[in-house]
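Hello,

Please find below the structure we talked about handing over. My notes on what turned up follow it.

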Amino acid sequence: MFKWLRTGGDGLAEVEETFAGMLADDRHVFDLAMSARVGGADPTTLADALNRTEERTDEAERRIRRLVLVHASVHGASDIPACLMYMSIAKDAERIADLAKNIFGIADTVGTPPGGALREDLARLWDTISPMITEAGSILAEDDRRVAQTFVEVARDLQEHARQQIDALLRSPDEVPQAAATVLTYRHLGRIVANLLNIVSAVIMPLDRLDYPGESSAADATDE
Amino acid sequence: MSSPAGAAARAPRDLSTDERIIRLLLLLVLLYLFLVAVDLLGAGIAGLGEEFTDRLFRGVGNPLSALCVGVLATVLAQSSSVTTATIVGLVGAGVLGVGDAVPMIMGANIGTTVTNTLASVGSIRRPEEFRRAFAGATMHDFFNLASVAILLPIELATGIMGRLAVVLSDVVGDAAGGEFNSPVRGAVAAGAGLVESAVAAVPGPMRLGALLLLAAGLGLIFATLVAITKNMRVVVAGPAERSLNAVLGRSGVLGILVGTILTVSVQSSSISTSLLIPMIAAGVLRLENAYPVTLGANVGTTITALLAALAIPQIAGLQIALVHLLFNVAGILIFYPVPYLRRLPLRAARAVADHAVTRRTMVFVYIILVFVVAPLSVIVITR
């Protein structure tokens, strides 16, 4: 009962711990998604584990918000930069699992992985990005600027590579590009609407339930 | 990704053992000075003479007036701890009887809620957030007002809490003889004696010396309590944060316990209840879960009067401090166990918050009326 009085460290230590767990879950979701999309695994056998892990990242993000808010209330303005940073990166970590789930969705819909060089390239990206997810957590924990700089350069190269691949696919003379382009268009429109929804939900939802407007009504959240 | 600004912001926050020891030693020094201050206050008041103090406290024989003096004094000092410590000093000096001081102590409970009500005004431009924050602040107002509305007439009619305090005080002192052999009294008297000697050396009439002691006592009570609160806020920040995290999704006895310990630690119910307001405003802490923490804060804040009683050789000081504790415990025992009664302050707070959101000027009217105009009017009328 009095564990909370005995344990050491403050709320930000708990935030860091939760965030590290979140990244571990991100990596798991990413690996499951890529094994379905590129590794040839049957998506139906992975769906439950993937969904459970992805939901855990959602809950971890909400937990981080609560912890950050309590920390800011107790400690006042001195830790505001750290609080805002954690709010922001927790959102990023949640999106990683979300986007990995989208990749899994593509695997589930399309059924077959791309062929030839594209599959090899995606497998190489899988091998590269998967360890980067947990590495991001260690860089943050160790606060090493030099390693962080190297990481940022590698990540920018990967982003550029992905952009070039998208451009190349959209310009390819095969039948697929038009459908792919349309899918991407819908995807971007969906993200725009989702972000608008997040902005507006701030008016009616408590902080720890922002971005989850479907899980409970605004009336519940306002202590009615 | 870790930005340089973010990385710099994550400096380790835990206090080192050395700093912790220094802060705890500082606390002991401040507590000692606080007790000396209570002693000086009593000496100053006694030195002013019976005729002067009779005129000063004329009217507090009327319970309603005494209640309002307690409210107003606490609003002005922004601290019920200052008011209750002062009341203990006045009772100890024989200026106030325990019976006369009971309504003042109850008034201090009402006055202390102004701080978190003011804290809730910070959200006034965001309606939903403000609705929650204002409800969170005013539930404390309504609980304390309801407790006074029930317990003050009972106390006036029966004197039950006063009598119970006498029985309890007899355990550590001689209630019949009116003496309290406080374990720290000797040390406190030595410190106060030094100040009194210094003041006695100041040339001028006796009353000037008494006024100097009174001013020194009041100033030192205020300063030491502020310093204790600031110092302890740093020391208990970690446990406070963990305990508040523990009550986020729960309500009940744990919340009362957390509120009590937190308030005893920082010596200020205003601080502990104001901490809750941003969490309630954000919707992370529900009203039902914050409510018991607030009740615990009411109990925790009684530690100041009990500490102040250590400086007073007369057992009446301890008795009024015990009345403060009994009043707050009785309030919880009346309202908390029965679900219907428990919800009353919450319902009232939500109703007022709903109105406050649509008519925001009402917020300022409410604060000024409840905490300033009403008590001041009663004091003026009853004098």
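First, a definition: on a 1 Å grid over the protein atoms alone, a cavity is a set of points where a 1.4 Å probe fits but cannot get out, and lining residues have an atom within 4 Å of a point. Points are joined across faces, edges and corners, and a volume is the space filled by probe spheres set on the points. By this rule there is 1 cavity of 30 Å³ or more.

Some ground rules. This is a predicted model, where local features need pLDDT of at least 70, side-chain atom pairs need pLDDT 80 or more, and totals for chains, interfaces and linings use all residues. Residues are numbered from 1 along each chain as its sequence is written, chains are lettered from A and ligands numbered from 1 in the order in which they are written, and side-chain values use heavy atoms, without hydrogens and water.

The largest cavity holds about 40 Å³ of space. Its lining includes A:Val74, B:Arg233 and B:Leu262. Helices α12 (237-247), α13 (253-266) and α14 (269-282) of chain B each give two or more residues to that lining. Helices here are DSSP runs (H or I, at least four residues), numbered from the N terminus. By class, the lining has 8 nonpolar, no polar and 1 charged residues (Ala, Val, Leu, Ile, Met, Phe, Trp, Tyr, Cys and Pro are nonpolar; Asp, Glu, Lys and Arg charged; the others, Gly among them, polar).

**Aromatic rings**

Rings of Phe, Tyr and Trp (its six-membered ring) pair if their centres lie within 6.5 Å; planes under 30 degrees apart are stacked, over 60 edge-to-face, the rest tilted. The whole structure has 6 aromatic pairs over all chains. One of them is B:Phe134 with B:Tyr366, edge-to-face at 5.9 Å centre to centre and 75° between the planes. B:Phe134 lies in helix α8 (residues 127-158) and B:Tyr366 in helix α19 (residues 361-382) of chain B, so the pair ties together parts 232 residues apart in sequence. Both B:Phe134 and B:Tyr366 are buried (under 20% relative accessible area, 1.4 Å probe, protein chains only; exposed is over 50%, partly exposed in between). B:Phe130, B:Phe134, B:Tyr366 and B:Phe371 form one aromatic cluster.

**A histidine**

B:His324 is in helix α17 (residues 315-335) of chain B. At 0% relative accessibility, B:His324 counts as buried. What joins the side chains of B:His324 and B:Asn109? A polar contact of 3.2 Å (a pair of N or O atoms within 3.5 Å; within protein, one must be able to donate a hydrogen and the other to accept it, and residues adjacent in sequence count only if both atoms are side-chain atoms).

Best wishes

Methods
1 Å grid on protein atoms, 1.4 Å probe; cavity = no way out; pocket = protein on both sides within 12 Å on 5 of 7 lines; lining within 4 Å.
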